[in-house]
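Here are a few exercises to work through with the structure open beside you. Try each one before you read its solution.

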Amino acid sequence: MAWTSFPVSKLQGAIRAPGDKSCSHRALMFAGIAEGTSDISGLLEGEDVINTAKAMAALGAETEQKGGGRWTVKGVGKAGLTSPASALDFGNSGTGSRLMLGLMAGYPLEARLVGDASLSRRPMNRVIKPLEQMGARFDHDGRGMLPLTLHGSASLNPIDYVPEHASAQVKSCVLLAGLNAQGTTRVTEHRPTRDHTEKMLRGFGVDLDVVNADGTRSVVSIEGGQTLQAVDTQIPGDPSSAAFLIAAGLISPAGGVMVEGVMSNETRDGFFRAAAMMGADIGAEELGDAAGERLIDMQAVGSGLKGRAIPTDLVPAMIDEFPILAVLAAFAEGETRVSGAHELRVKESDRIAAVVAMLRVNGVEVEEHEDGFTVQGCGGPPPGGGLVETHHDHRIAMSALIMGTASQKPVSIDDAAMIATSYPDFMAHMASLGADIRNA
Ligand code: S3P
């Protein structure tokens, strides 16, 4: 069902950032295998995370939704995860499915994994390959995609793994399998990716070693056979969701947007650093911490943006933010060039193609490259007036609606239902800031 975002003269207000999606998945998974009962607050109750909660329950954890983002999870502890009675449905979530494969691989269980049309087109070979090296087995149709069946093993071999892609999902999958392997599993990264698995496992009492070798790579080692201990924890606010609100403030002709309780983590803040390079006026104030992460309040006001070449070393720290960066680039003066971001081709949609089409249909000049795109900024509000094909991608949908708040003509999207996978309160939050987004 189509939705349209109409231009408004100002956006103003303060929003509490929703719980971080990456941390929410991990908190449920780790609590689900821990010894004892964990109390989690601020959990993101988006569809992706709910699917992870259902999967953990189907594998033996006792999950209870207390309301308002509070959950308790009684973990299986030493008894271990057991085969689910029916297929585990991960919906739209690459993170849920790939991390869970690693988590389950070290138990003697059998599990069938399914997902929606988008997830069933995304590559799973990147996790199947290391897990097979460790001794897990898979049944699939040869394409290395969902649906597939995992045969786990209680006697996984540890491995030394260097992922082919800069991917926190692959790193995390291997480390989680390593938790139940017989010896030390190591993952070496040349471009650091988000470190929530490492930080949160430590919070659950796991001993894990991270060494930054020669400043060019980091090596994470985990000893198999460790038991996690339940915790009481608070999920920090999601910088990827905050990026949409901050961008809305930056392109708004007047007003100002504040986002409270955002996780400040240098493996996740690439968008804010890129926006600052483009001239964005973003303020930050320390708030405290949650689950071992720093929290900040962020503020954005309308800013004259200038196009920039985005440094490729920022890519992993802003891997989910390129659709909204492209919106900033459309409003900026001059050229913005994104390169070294080939991974965007295998996200919830082919995000390079989807971003290029989103801008073009709204009158913005943009060139597509194999590993990125180049936007010729409009030096102010872009024409708008287009109907954007979202390809079932929540971040394309939200980016297009943000663009419509300040473009010359309204911007429409073909569907908004999938926004609930990561940011169920998005429409309500935008309305409270003064956006005019209608189901029309
Ligand atoms: C995630 C890692 C990223 C990111 C995804 C969440 C995670 O994927 O795009 O939204 O929670 O580990 P890759 O690690 O595959 O780049």
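**Exercise 1.** How many Å is an oxygen atom of the ligand from an N or O atom in the side chain of Ser 167?

*Solution.* Keep in mind that you're looking at a predicted model. Start at Ser 167: an N or O atom of its side chain sits 3.0 Å from a ligand oxygen. Next, go to Ser 22, where the side chain has an N or O atom 2.7 Å from an oxygen of the ligand. Then try Gln 169; here a backbone N or O atom is 3.0 Å from a ligand oxygen. Finally, look at the cover: the ligand taken alone exposes 380 Å², and the protein buries 95% of that.

**Exercise 2.** Work out what makes up the shell around the ligand.

*Solution.* First, pick out the residues surrounding the ligand, among them Arg 26, Thr 95, Arg 194, Asp 320 and Lys 347. Now sort the shell by class: 3 residues are nonpolar, 4 are polar and 4 are charged. Last, check the domains: domain 1 (3-19 + 236-439) and domain 2 (21-228) each give the shell at least three residues.

**Exercise 3.** Describe how domain 1 and domain 2 meet.

*Solution.* Begin with the C-alpha centres of the two domains, which are 29 Å apart. Then look at the contacts: 27 residues of domain 1 touch 25 residues of domain 2. About 2100 Å² is buried between the domains, with 47% of it coming from carbon and sulfur atoms. On the domain 1 side, Pro 316, Glu 348 and Thr 421 supply 25% of the area this domain buries against domain 2, more than any other three residues.

Notes: Residues are numbered from 1 along each chain as its sequence is written. This is a predicted model: local features need pLDDT of at least 70, side-chain atom pairs count only at pLDDT 80 or more; totals for chains, interfaces and linings use all residues. Side-chain values use heavy atoms; hydrogens and water are left out. A residue is near a molecule or strand if one of its heavy atoms lies within 4 Å of it. A polar contact is a pair of N or O atoms within 3.5 Å; within protein, one must be able to donate a hydrogen and the other to accept it, and residues adjacent in sequence count only if both atoms are side-chain atoms. Accessible areas come from the Shrake-Rupley method with a 1.4 Å probe; for residues, only the protein chains shown count as cover. Ala, Val, Leu, Ile, Met, Phe, Trp, Tyr, Cys and Pro count as nonpolar, Asp, Glu, Lys and Arg as charged, and the others, Gly among them, as polar. Domain bounds come from an automatic or database domain assignment. Contact means heavy atoms within 4.5 Å. Buried area is the accessible area (1.4 Å probe) that two parts lose on being put together, summed over both.
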